[in-house]
Amino acid sequence: MANKRSGGGLSPTQQAARFLGVSVLAGAVMAGIAMPAVGALGLAAKGSVEGFDEIPSNLKRPPLSQRTQILDSNGDQIATVYSRDRTVVDLKDMSPYIQKAIVAIEDARFYEHGAVDLKGILRALNKNARSGGVEEGASTLTQQYVKNVFVEEAGDDPTKVAQATQQTLGRKIRELKYAIQVEEELGKKKILENYLNITYFGQQAYGVEAASQRYFSKSAKDLKLQEAALLAGIVQAPTSYDPVNDEATAKQRRNVVLQRMAEVGDISQAQADKAKATPIELNVSKPKNGCITAVKGASFFCKYVEYVFLSDPVFGKTREDRAKVWNQGGLTIKTTLDPQAQESVQASLEDHIYKSDPVAAATTLVEPGTGKILAMGQSKPFGYGENETEINYSVGSGMGGSNYGFPTGSTFKPFVAAAALEQGRPATQEYSSPYQMEYPSPVQTCGSKPWVNDSGTTVENEAESEVGPYRLKKAMELSVNTYFVQMISDIGLCPVMEMTDKLKVVQGNGDKLPEVPAISLGSKGISPLTMASAYAAFASRGMYCTPVAIESITQRVGKEQKPLEVPKSTCSRAMSEKTADTINTLLQGVVDSGTGQEAGLTDRANAGKTGTTDERKNAWFVGYTPNLSGAVWVGSASQQVQMKNITIGGVPHALVYGGAVPGPIWKDAMTGALAGKEASSFNLVHIPDGNDGRGRGDDGNNGDDGDEGDDGDSWGNWNGGNGNGGNGNGNNGGLITGGSDGGTIPTPSFSIPEDLIQGQENGGGFGDGGGFG
């Protein structure tokens, strides 16, 4: 049996004739492609010519995708993100050695031929025919550049990438036509520059600058001869010639490049021999791509910035449009992140809670009056391993957060109070506030149908000793549940809905809050960012500003920088200044003498509210100064952990409540964030104390005596009597400790039935969160 010739049965001469004919007529220029073995040469040529003429004449060259830099408010880098790790540089910023090396090994006659090198085609074809395989290609650098343009345009779409790289005659014909155009438009130097910026060098590095940084941690302009030869050798097969994973093969390939440079006269043989004898000396910089590499624990904030970009129409009409801009990269995004605040938040979280703890914590700080997000951190790091998570507990599900947010407990009560004040209720408003009561019914809603307590559901206070009547100030300090249920019954649900709408308070999944009285106890899931932003409106005397994370963006297209429009905070009045000032006064009392004493700052005016939900699955502290607002949540993302007899951050807790764990996290985070910053004051209002919880005397003296009991607030308790006829002086009455963080914290003794609140549960475990202090 006769030996079969290589190349599909055609002799080398026949292959050359066919290939040359098609190349001249139709532009098929890739040696080693198996030509169709059907039809006469003339028919093949005729069909190719017709296809050639039908190809559009203009090659669209999309801007090269580059790395994006995300910066903090000081201009320092938080992280780099990219679909292609590339930094475009001019030819003058590339070592002459890399320019010569890439030409020598990929297209030695680059400066002598046009878009196609017919001499190179014949040489490669003859060599491949003799070897029986594909040992040498014949594509010019210009054709390779065009192919890379097709690949770049395909992006990360595997189907488009396959189409851009398929080894077919049609693709080579198309490639040639565009190569001719590029040769005419750009010229050799520019083609070489573009090629060195677009081609892939392995290890996630696109372009020679990124490759130089990856393998040698230096700029491309500083590459030595042997280093340039190594990089030039990688291009043909980035995986096979990877010096990180296979140094011996990479060195062998480098030496081939050096020898080729000597053969074409770029260097002397002596230079080549000396360079060949040099060992490969890498100084590898590992790829630092994505928010997982962010500094100061800012990974979740970094991802939030990405979500903002991909979701805001200011960056493109559709998500696909926005994703295209994001993936193209070349962006410099200056954010609102304050490095001092971020560092303080992360340090506080690490001091108070371990990532291995059964619960997690999240903290977000927002600037009142601007909406700027200054810090965002959490105890479980961003990642995919044990005790790590991709979920950003500070935000809602639409921005990479939890499905429904987390029940807020009593931190919701200030919204009810603000709604009541806006309706004209006085700051001295008093309700009977019994220890236990049925939910009042009916309660007016925004619609024509009132809410009715058909099932006789009851609500109770934290401790049996919490029995009214109470006025607003003391009810807020002690976080009296029945007081706020009576308040919402008094004013109706619609004013509360209107207030939360103005403060943009929605559930973690974006849904509006339900019109049910139990919302006064914080039974629905809300995100820390939403809470921090809403409380910031109290700090700014009633002006609510939507949260923003981006200050400015510039995009590099080629060598030009252009600014992009960014979303702006929208500020609007949510309540009167008087209402905000009154809330500030009330919540200052919470940290001075109420349930939030452990959170109180000692060096500046501050206010806030604690919150602990039913079964202690969530604990909150949300507070603020005139120039900074912050929310801290502690709990289980799955809502399965009851924080009783639990150790958090190495500290055992019989019961966790808002003032005990979230409060100190907030205090330390705010202290560091505000260090060196101006200590402004609130515009406080005078709110008479009244006779909350005491005997109602017949004369002013007895009432005054009763007020003396308020002095005990500094210890987290208040002393009052059940005096008859005003005989008690406030110091001889019974000691009441329930509800105040400074006293003994009883176990909650009630829960809200599931059928009372309509809507999905968070994490399959709640919907019944009560509002303990």
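Predicted model: local features only at pLDDT ≥ 70, side-chain atom pairs only at ≥ 80, totals over all residues.

Modeller: Counting bonded cysteines along the chain, the disulfides follow the pattern 1-2, 3-4, 5-6. A disulfide here is a pair of cysteine sulfur atoms within 2.5 Å.

Colleague: OK. How many disulfides come out of the search?

Modeller: The search of the whole structure gives 3 disulfides. In one of them, the sulfur atoms of Cys-291 and Cys-302 are 2.0 Å apart. The link of Cys-291 and Cys-302 is left-handed, with -70° about the S-S bond.

Colleague: What does the Cys-291 and Cys-302 pair tie together?

Modeller: Cys-291 is in the loop between helix 12 (269–276) and helix 13 (299–311), and Cys-302 is in helix 13, so the pair ties together parts 11 residues apart in sequence. Helices (H or I, at least four residues) and strands (E, at least two) are DSSP runs, numbered from the N terminus.

Colleague: Are those two cysteines buried or exposed?

Modeller: Cys-291 is buried at 4% relative accessible area, and Cys-302 is buried at 0%. Buried means under 20% relative accessible area, exposed over 50%, and partly exposed in between, with a 1.4 Å probe and protein chains only.

Colleague: Next, Cys-446. Which cysteine is joined to it?

Modeller: Cys-494, with an S to S distance of 2.2 Å. The link of Cys-446 and Cys-494 is right-handed, at 110° about the S-S bond. Cys-446 sits in the loop between strand 8 (436–438) and strand 9 (458–460) and Cys-494 in helix 19 (residues 493–502), 48 residues apart, and the pair links distant parts of the chain. Cys-446 counts as partly exposed at 40% relative accessibility, whereas Cys-494 is buried at 18% relative accessible area.

Colleague: And where are Cys-545 and Cys-571 in the chain?

Modeller: These two form a disulfide as well, with the sulfur atoms of Cys-545 and Cys-571 2.1 Å apart. Cys-545 is in strand 12 (residues 543–545) and Cys-571 in strand 15 (residues 571–573), 26 residues apart. Cys-545 is buried, with a relative accessible area of 6%, and Cys-571 is partly exposed at 37%.

Colleague: Charges now. How many salt bridges?

Modeller: The whole structure has 24 salt bridges, each a side-chain nitrogen of Lys or Arg within 4 Å of a carboxyl oxygen of Asp or Glu. One of them joins Arg-214 and Asp-85, whose closest N and O atoms are 2.4 Å apart. That pair links distant parts of the chain, 129 residues apart: Arg-214 is in helix 9 (residues 208–216), Asp-85 in the loop between strand 2 (77–81) and helix 3 (96–106). Arg-214 and Asp-85 are both buried.

Colleague: What does Arg-86 pair with?

Modeller: Arg-86 pairs with Glu-152, the closest N and O atoms being 3.2 Å apart. Arg-86 is in the loop between strand 2 and helix 3 and Glu-152 in helix 5 (residues 141–154), so the pair ties together parts 66 residues apart in sequence. Both residues, Arg-86 and Glu-152, are buried.

Colleague: Switching to helix 8. How much of helix 8 is buried?

Modeller: Of the 11 residues of helix 8 (residues 188–198), 9 are buried, so helix 8 is largely enclosed by the rest of the structure. Among the buried ones are Lys-188, Ile-191 and Tyr-195. Lys-188 also forms a salt bridge with Glu-183, the closest N and O atoms being 3.0 Å apart.

Colleague: What covers the buried residues of helix 8?

Modeller: The cover includes helix 3, helix 5, helix 7 (169–186) and helix 9, with contact taken as heavy atoms within 4.5 Å.

Colleague: In what sense do strand 1 and strand 3 pair?

Modeller: Strand 1 (residues 68–71) and strand 3 (residues 331–335) pair in the parallel sense over 3 bridges. Ile-70 has Ile-333 in strand 3 as its bridge partner.

Terms used: Residues numbered from 1 in each chain as written. Heavy atoms only, no water. Pairing = 2+ DSSP bridges.
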